[in-house]
Amino acid sequence: MTTTTTLAAPATPALSRAGLATVLLGAALAPIDMFIVNVALPTIHSDLKTSTTALEWIVAGYAIAYALLLVVGGRLGDAFGRRRLFTAGLAAFTLTSLVCGLAPDATVLVAARVAQGGAAAMMVPQVLSIIQATTSGEQRARTLGYYGATGGIAMVIGQLFGGVLVSADIGGTSWRPVFLVNVPIGLLGLLLARRTLPETHATDPVGVDRAGTALLGLTLLTLLVPLMEGRTLGWPLWCWLVLAAFPFAATAFVRAERRMEQAGGAPLLPMSVLRVPSMRHGLGIAIPFFTSFGGFMFVYALTLQDGLHLGPLGSGLALTPLALAFLVTSLSSSRLVRRYGHRVVILGTTVQLLGLLTLIATVLMAWPNLDVADLAPGTLLCGAGQGLTAPTMFRLILSRVPAASAGVGSGVLTTTQQTSLALGVATLGSLFASLATGGLEGALLTVTGVQALLIAGIAATANRLPDPRA
């Protein structure tokens, strides 16, 4: 008689402290890169003799690639191993950072930034997946708290560090260290990842929606290319034709996703998730919120240096109150939501609106004799409001999504966030550039007024969000 023994699959090792530090390093690199580049934009403009449109592409190209490939990156990690994709994404991010730092002209820089956004999309989704697969209970809750704080910390580091690096002009390299600094950090992360991260896979990974990804890319490009290029080129006929193709591309994307879902496939952005009321109403609020935020950071980065001549360090310091306030209030938002529910969004947008109005009043009273201290009250209020609103929106929007679709819902929301940031640069950035020929003060006041209207609209409609206490 033969006895057979079935061996259980080995349990996934728990995430060590060194492993947690490694994945949080990867999670921080992407947002740090966004904020650190904002500080460097005017110096890049001066050094490479670029147009404002090229500066828009430097910011928006990164966000578009990130948004487009974010869900794809998550699925590839599930199928081929999260540590493997995290390592590959980090290696690509390090390499593209090197290319950005050595770029001889704006064309190479924009192309490298698009590739860098794609690399971030391969790396960042693995962070939450690794955390979910290697932690449980109190450790998972604590680890997710660290992950949530990473974005706020990254904003502070990006603003300050970017200003310091550009101002230092190390060896006459001007803006280039804001990208090159990623190289030693990335190499350290690669070494740590090999030693500290366990490999995990999804038990039933889903495939990549190639058609959906291509159609979403076409949809984004038919909208954003004419919006960013039209003003510079004098709105030639091709810009109008491409813009006219946008609704057709969007319709084709929606139909393709619906057909794939009805056939039992795994579309890039499932339409069934968008039918959940919290998602449908929430995305209607998230789009203008992140559009406003993307435009705000771009426009103020240019104004602080080109209009107020604060320099890179002064520009970084001027927006540091915003970053610090965002960090502090975002950490307290969960506690406030438990007590006040969706009213936290109303509170946050009201505080942000007050900050925007304070900035408008400050500009009207003292332009162009403004310094960091003059801007601090307005930027502090804006940051506090954004810190209350952004994490709360994520929580409320996802609160009614079924548990089985939680990962999909998160991917939809994050893709919407990144797309909206690019849209903010394309629309509000182009509006600012077109008005700046008549004076930066008027351009800044107009764009800030538009942002204030968007935030006021969110505050007025935030009651449609679900109450998590119900």
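I begin with a term: a residue counts as buried under 20% relative accessible area, as exposed over 50%, and as partly exposed in between. Please bear in mind that this is a predicted model.

Asp-169 has a relative accessible area of 37%, so it is partly exposed. Its place is the loop between helix 5 and helix 6, the latter spanning 177-180. Although Asp-169 is not a glycine, its phi is positive, at about 45 degrees.

A positive phi also occurs at His-309, again not a glycine, with a value of about 55 degrees. His-309 lies in the loop between helix 11 (277-307) and helix 12. With a relative accessible area of 61%, His-309 is exposed.

I turn to the surface. Ile-153, Ile-157, Leu-160, Phe-161, Val-164, Leu-313 and Leu-317 form a nonpolar patch there, and together they have about 520 Å² of accessible area. Two or more residues of this patch come from each of helix 5 (137-168) and helix 12 (311-340). Which helix gives the largest share? That is helix 5, with five residues. Ile-157 belongs to helix 5 and is partly exposed, at 37% relative accessible area.

Next, helix packing. Helix 1 (residues 17-48) packs with helix 7 (residues 182-196) at an angle of about 150 degrees, the axes being 9 Å apart. Helix 1 is therefore roughly antiparallel to helix 7, since angles over 145 degrees count as such. The crossing of these two helices is left-handed.

Finally, the backbone contains a cis peptide bond between Trp-367 and Pro-368, with omega at about 0 degrees. Pro-368 sits in the loop between helix 13 (343-366) and helix 14 (372-398).

Note on methods:
Residues are numbered from 1 along each chain as its sequence is written. This is a predicted model: local features need pLDDT of at least 70, side-chain atom pairs count only at pLDDT 80 or more; totals for chains, interfaces and linings use all residues. Side-chain values use heavy atoms; hydrogens and water are left out. Patches are made of residues with over 30% relative accessible area and no salt bridge: like charges are joined within 9 Å, nonpolar side chains (Val, Leu, Ile, Met, Phe, Trp, Tyr) within 5 Å. Accessible areas come from the Shrake-Rupley method with a 1.4 Å probe; for residues, only the protein chains shown count as cover. A salt bridge is a side-chain nitrogen of Lys or Arg within 4 Å of a carboxyl oxygen of Asp or Glu. Helices (H or I, at least four residues) and strands (E, at least two) are DSSP runs, numbered from the N terminus. Buried means under 20% relative accessible area, exposed over 50%, partly exposed in between (1.4 Å probe, protein chains only). Axes are lines fitted to C-alpha atoms, for helices over the stretch in contact, and angles run from 0 to 180 degrees between N-to-C directions. Angles under 35 degrees count as roughly parallel, over 145 as roughly antiparallel, 65 to 115 as roughly perpendicular and the rest as oblique. A crossing is left-handed if the near helix is turned anticlockwise from the far one by less than a right angle, and right-handed if clockwise.
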